[in-house]
2 protein chains.
Amino acid sequence: MKKKVTTPPVKRIPRRSVLSDEIYEMIKAKIFDYEIAPGSRVNIDALSVKLEVSQTPVREALARLESDGLIEKEPLKGYKATQLLTIKELNDLFQFRLLVEPWAAEQAAKLIDNTGKTALKAEMQSAKTAIKFADENQYQALSEHDSRFHTLISSISGNQTIADFYDRTHCHLHLFRLYMANKLHLIDGESRADYVQDLFEQYYQSGSGQLAIKEHDAIAKAILDQNSKAAKAAMHAHIESSLKRFSPAAVAANR
Amino acid sequence: MKKKVTTPPVKRIPRRSVLSDEIYEMIKAKIFDYEIAPGSRVNIDALSVKLEVSQTPVREALARLESDGLIEKEPLKGYKATQLLTIKELNDLFQFRLLVEPWAAEQAAKLIDNTGKTALKAEMQSAKTAIKFADENQYQALSEHDSRFHTLISSISGNQTIADFYDRTHCHLHLFRLYMANKLHLIDGESRADYVQDLFEQYYQSGSGQLAIKEHDAIAKAILDQNSKAAKAAMHAHIESSLKRFSPAAVAANR
DNA sequence: TTCTGGAAAATCGTATAGGATAAAATAACG
DNA sequence: CGTTATTTTATCCTATACGATTTTCCAGAA
């Protein structure tokens, strides 16, 4: 317990509010950045001193992360990061998406208004710009675009329930991508998380990124044309090929 | 702050563990029992003294309930119980179920094994027994059967992701039923929550309960026969007529 | 009578100490 | 040398005090 006994009274930033939320995001980021490895123990005390806050906000954040399925709690033992998706769970998740998202795309095509059209066009434009110029954090940009794109369509579909559910799936998919990258990384015989970023870029520069954008483009076009059948079909095809892009790497990683 | 300054040292129950979880369930029960009204403020301090625990477990419980969508948090104002489902949200939720559950029933019919068959038969049997003899808490029994039935099918379908998502929807539907009962209740000019139970019974004894059981029976039969097409169709029909059972009352309540 | 300003109260957010329990390491015994 | 029992450590769980912000209430002026 070597901890500064008194809070430094100098740092009197009026700290607006919602420290818990900040901590929640920070811990989440740590998980995504692989600073907290899947399956590893998460110590409340250690986290609170590292983040320089008290235990209370850390507890609240962990409780919420548990509901998100990113953290698990064993009653009197402690918290630990959730184990990563198995191949079966990945398939289950994509099956779920196949049930929901094509319908959402169909509805979006039927219900889209001018505001929605503008937003969709803007999103596709920014994605194309990002993939062209972002040579550094290309993975990051693509991943964020992917999330925004699917969320946007769920939202345009008018069914908030479905949009909410999609949000929950996304973080797990994101984590799986991380897993993939890391496994490949370990095969190479190294273990520092710094390299993860490079592997993402490699993976995405291999063409998967451009492919995904192309498929997104087809979906967006169908929705903008208000061609609901085409939108549904395009979304279905996109999710299926997306799974295929995931799967080989996943299988390789699980060997 | 009139609080006993010292914990009574007499009550030294070795309190096994997971107080947070207990509190979580207790608060949830309070919401379902209408002790905490929708939209009302939830005071941490008051709850902690009422439940005779410290604030910490209450905080954790509330954070989890927020993730469940049963409680909302306004940054520097406090927690409050979530407003009840609007008609639109109810429709959204049922649309979601229509996308997912018929597929789950179809899969269940394809994949069910002997263990699953035994469980399904047992569930239907216990439901029929319950509806016959439980004249007191019939609503409770039916509601719990409904939850178990749909969860069971999701589980037999083999897709844990979908089973998890169903779990999340169920509590909201449960709350909506409460809402309905309460609104009808207020129309009658009274306001004590004690009467809610009676209204449930009235609602369910009016025939809706028996109808639901009949539909469940058809679904179970199809699954046990491993007739996947019939199972899918039966589930679809069940959810649609279930919405119809909800909707008139909901519309009436919103007038 | 109504609106604006300030003061008081309520409540959230934060910090830290202490007790209890489970896991781990060490020592003793077979 | 292996197994069991005991001690030690680490960690969670609980309790309570303090500070900051928001809300509410009341008084005074237009």
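**Entry 1**

I began with Gln226(A), which is partly exposed at a relative accessible area of 38%. I used these classes with a 1.4 Å probe on protein chains only: buried is under 20% relative accessible area, exposed is over 50%, and partly exposed lies in between. The model is predicted, so local features need pLDDT of at least 70 and side-chain atom pairs count only at pLDDT 80 or more, while totals for chains, interfaces and linings use all residues. Residues are numbered from 1 along each chain as its sequence is written, chains are lettered from A and ligands numbered from 1 in the order in which they are written, and side-chain values use heavy atoms, with hydrogens and water left out.

I located Gln226(A) in the loop between α8 (196-224) and α9 (228-254) of chain A. Helices (H or I, at least four residues) and strands (E, at least two) are DSSP runs, numbered from the N terminus. The phi of Gln226(A) is positive, near 60°, in a residue other than glycine. Most residues other than glycine have a negative phi.

I then noted a positive phi of about 60° at Glu52(A), which is not a glycine either. Glu52(A) sits in the loop between α2 (44-50) and α3 (55-68) of chain A, and counts as exposed at 55% relative accessibility.

**Entry 2: Chain A overall**

I recorded nine helices and three strands in chain A, in the order α-β-α-α-β-β-α-α-α-α-α-α along the sequence. Of its 255 residues, 49% count as buried. Taking contact as heavy atoms within 4.5 Å, I found that residues 24 or more positions apart account for 73% of the chain A contacts with a separation of 6 or more.

**Entry 3: Glu101(A)**

Is Glu101(A) buried or exposed? I found Glu101(A) buried, at 3% relative accessibility, within helix α4 (residues 87-111) of chain A. Its side chain makes a polar contact with the side chain of Arg97(A) at 2.6 Å. A polar contact is a pair of N or O atoms within 3.5 Å; within protein, one must be able to donate a hydrogen and the other to accept it, and residues adjacent in sequence count only if both atoms are side-chain atoms. Leaving aside neighbours within four places in sequence, Glu101(A) is in contact with His150(A), Tyr166(A), Met235(A) and Ile239(A).

**Entry 4: Asp225(B)**

I placed Asp225(B) in the loop between α8 (196-224) and α9 (228-254) of chain B; Asp225(B) is exposed, with a relative accessible area of 55%. Asp225(B) and Ala109(B) are 116 residues apart in sequence, yet their C-alpha atoms are 7.4 Å apart.

**Entry 5: The interface of chains A and B**

I counted 34 residues of chain B in contact with 34 residues of chain A. The chains bury about 2800 Å² between them, 62% of it on carbon and sulfur atoms; buried area is the accessible area (1.4 Å probe) that two parts lose on being put together, summed over both. In chain B, Glu60(B), Leu99(B) and Phe165(B) lose the most area to chain A, together 20% of what that side buries.

There are four salt bridges between the chains, each a side-chain nitrogen of Lys or Arg within 4 Å of a carboxyl oxygen of Asp or Glu. Asp21(A) forms a salt bridge with Lys73(B), with the closest N and O atoms 3.5 Å apart.
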